[in-house]
Amino acid sequence: MPQKRNPDVFELMRGRSAVAQAALNEVLAITQKLTSGYHRDLQLIKPPLFRGIDSCRQTLEILPSALAGVRFPARSHSLGPGIHAAAAANALVARDNIPFREAYQRVAAKLKERP
């Protein structure tokens, strides 16, 4: 997107939260209707459980170094003209029936024309 300025690591962390949620949902679905006692199908919870734990651990390992570099300069808090670039691109897609890539390229070109 033309207005993108944020580091990818935080987007990847957001995506990894979905992986952890999916692993939890898989474990909960397997154990949902079990009666008390041992059930052989409990062995099926190990792969999603370990996958979720490993994903969370890896994500948490990179978090301190990512946060250490975060700075919020006062001048960067203003709302620039690109703040609504995605909405403008989506409007072009709906109005002109064009691919999103072409729409955001048009929006980016208009933003570059501004002084």
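This passage describes the fold, surface and two residues of a single chain.

The structure is a predicted model, in which local features need pLDDT of at least 70 and side-chain atom pairs count only at pLDDT 80 or more, while totals for chains, interfaces and linings use all residues. Residues are numbered from 1 along each chain as its sequence is written, and side-chain values use heavy atoms, with hydrogens and water left out.

The mean pLDDT (the predictor's confidence in each residue, from 0 to 100) of the chain is 85, and 90% of the residues reach 70 or more. Helix α3 (residues 85-96) has the highest confidence, at a mean of 93, and helix α1 (residues 8-31) the lowest, at 89. Where pLDDT is low, the predicted coordinates should not be read in detail.

Turning to the fold, the chain holds four helices and zero strands, in the order α-α-α-α from the N terminus. Helices (H or I, at least four residues) and strands (E, at least two) are DSSP runs, numbered from the N terminus. The radius of gyration of the chain, taken over C-alpha atoms, is 22 Å, whereas a compact globule of 115 residues would have a value near 13 Å; the globule rule is 2.2 Å times the number of residues to the power 0.38. Along the principal axes, the C-alpha atoms fill a box of roughly 70 × 40 × 15 Å.

Contacts are pairs with heavy atoms within 4.5 Å. Of those in the chain between residues at least 6 apart in sequence, 51% join residues at least 24 apart. The accessible surface (Shrake-Rupley method, 1.4 Å probe) comes to about 9,100 Å², and carbon and sulfur atoms account for 59% of this surface. Buried residues form 16% of the 115 residues, where buried means under 20% relative accessible area, exposed over 50%, and partly exposed in between (1.4 Å probe, protein chains only).

Leaving aside residues up to four places away in sequence, S55 touches R16 and V19. K46 also belongs to helix α2, but K46 counts as partly exposed because its relative accessibility is 47%. The C-alpha atom of K46 is 8.3 Å from that of V27, with the two residues 19 apart along the chain.
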